[in-house]
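Colleague: Please take me slowly through one part of this model, strand by strand. I am still learning how to read these pictures.

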Amino acid sequence: ITAFSISDIETKYKATIDGKDTTLVAKVIGTDYPFVIDQNLGLIYNLDSLPVGTDISKIVAKITADGTIFIAAETDSIWEEKDSLDFKNPIQFKVMSQLGTYGRTYTAKVNVHQQDPNAMSWGKLVSNFSTMVQKQKAVYFNQQVLVFAEQEDQVYITSTHQEDGREWTELQAIDIPVKADYTSVIVWKDVLYILANNELYQSSNGLNWTKTATEQKLNSIIACIDIEDEQKLFGITTDNIYTESTDGIVWENHAAISDDFPQAIYHYASYSLNTNKNIHRTVVMGQNNLISDTVNVVWSKLSDEHEWTELTMDENPNYCPNLRNSSMIYYNDQLYVFGGPGKSGSSAKAFDYFYTSKDNGIGWSKVTEKMAFPEEFNKLYSSSNGNYSFIVDDKQFIWIMWGSTGEVWKGRINKLGFVNQ
């Protein structure tokens with residue numbers, strides 16, 4: 001067999017439209033899904049699986065071979081191009097030469113996604129994550145999930161490998177002589193950084209820390225760009241000046257930070273522009289109690305700029321509601337925000353929806369289809385007193401660790417986990 005393809009497939013399914021049950025037809029274009037022929041193993045298959053739910057019980061295939069093609073079964077039958085074949089199970093084909101001898105047998109399989117590619121699937125891990133963890137921040141570091149938790153006058157750490165999630169290390173106090181700001185921990189250049197008493201510390205494991213050689217006093221770490229061709233750490237000095245560094249030691253100070261800039265609990269995302277991969281955008285979200293309590297506080301800057309631009313606008317009809325204990329991630333090539341209940345009389349419930357922005361943080365909308373949180377999250381938010389932490393690992397899993405309850409959950413958009421078969 002030298003070539004194999006399938007015709008277009010129509011799949012009927014039921015849907016409710018305007019309150020009425022309606023039969024719709026989804027069409028799969030066969031030429032969009034090329035087939036591979038492995039001559040060594042005698043396998044025929046499509047690398048890119050057909051959409052979930054595709055009916056493969058009546059497929060018309062087009063096959064090219066050096067001889068007569070037979071469908072191999074208890075009683076072989078000659079294959080004809082108009083045959084409608086049921087590929088719910090693999091089908092075997094073999095070719096007879098003009099001399100009447102059979103060549104090898106091929107097994108043809110039509111792969112279909114078993115999950116909706118655009119839907120999100122969640123799972124709860126049975127873990128020993130400490131119920132002592134309350135206020136916390138998590139980072140993803142060297143294939144480890146590290147959780148830094150505030151305990152009285154000290155910061156503690158617990159961790160697990162990304163392939164595990166069930167066994168967590170015992171809570172241990174980090175070895176910084178003064179109380180560190182657990183919310184400031186950040187991963188940059190494969191090193192962990194944290195602030196303690198306005199001084200910058202670094203670590204290779206999260207437990208043992210050394211003070212950096214910088215003389216710069218920092219009030220906060222805003223964000224970083226950690227891409228091979230550009231690496232910068234962004235901060236705010238104790239004089240409220242925006243500053244940045246390429247090594248964590250020498251800092252270049254710029255303009256004073258606006259009073260409307262986020263003042264605490266920074267979440268950020270840095271990514272290259274679609275129009276110019278050499279320029280990176282950094283978007284920061286955080287809390288600011290001095291301005292409107294209705295919308296989320298979001299600012300942005302480009303890597304070739306030194307000034308931040310405010311994206312928070314009360315008059316914007318598509319603003320992102322100011323959620324309590326809100327979080328932001330860059331995921332599936334766009335920004336997402338999620339968190340607790342809305343402030344200022346907002347009807348938003350804890351972990352009710354993802355909010356997404358496709359224009360870099362200006363306009364936001366609820367995600368009402370495919371991506372959803374488990375129903376348990378609303379109660380977990382209450383049980384944990386709003387204390388949770390999160391990371392996104394390199395396999396595109398979103399991890400959420402809940403305070404006081406010891407619960408750990410992982411979720412991912414299905415297509416981000418698909419691999420070629």
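This is a predicted model: local features need pLDDT of at least 70, side-chain atom pairs count only at pLDDT 80 or more; totals for chains, interfaces and linings use all residues.

Modeller: Let's begin with β29 and its neighbour β30 (residues 334-338): the two run antiparallel and are joined by five bridges. Strands here are DSSP runs of E with at least two residues, numbered from the N terminus. Residue numbers start from 1 along each chain as its sequence is written, and side-chain values use heavy atoms, leaving out hydrogens and water.

Now widen the view to the open sheet, whose four strands follow the order β29-β30-β31-β32 with antiparallel pairing (two strands pair if DSSP finds at least two bridges between them). At its edges stand β29 (327-331) and β32 (365-366); each has a single partner strand, so one side of each is left without a neighbour in the sheet.

Next, find Q334 and Y336, which are among the residues lying nearest the centre of the second largest pocket, along with V367, E369 and M371. A pocket is an open set of points on a 1 Å grid where a 1.4 Å probe fits, with protein on both sides within 12 Å along at least five of seven lines. In total, 14 residues line this second largest pocket, each having an atom within 4 Å of a point. Its lining divides into four nonpolar, five polar and five charged residues, with Gly counted as polar and Tyr as nonpolar.
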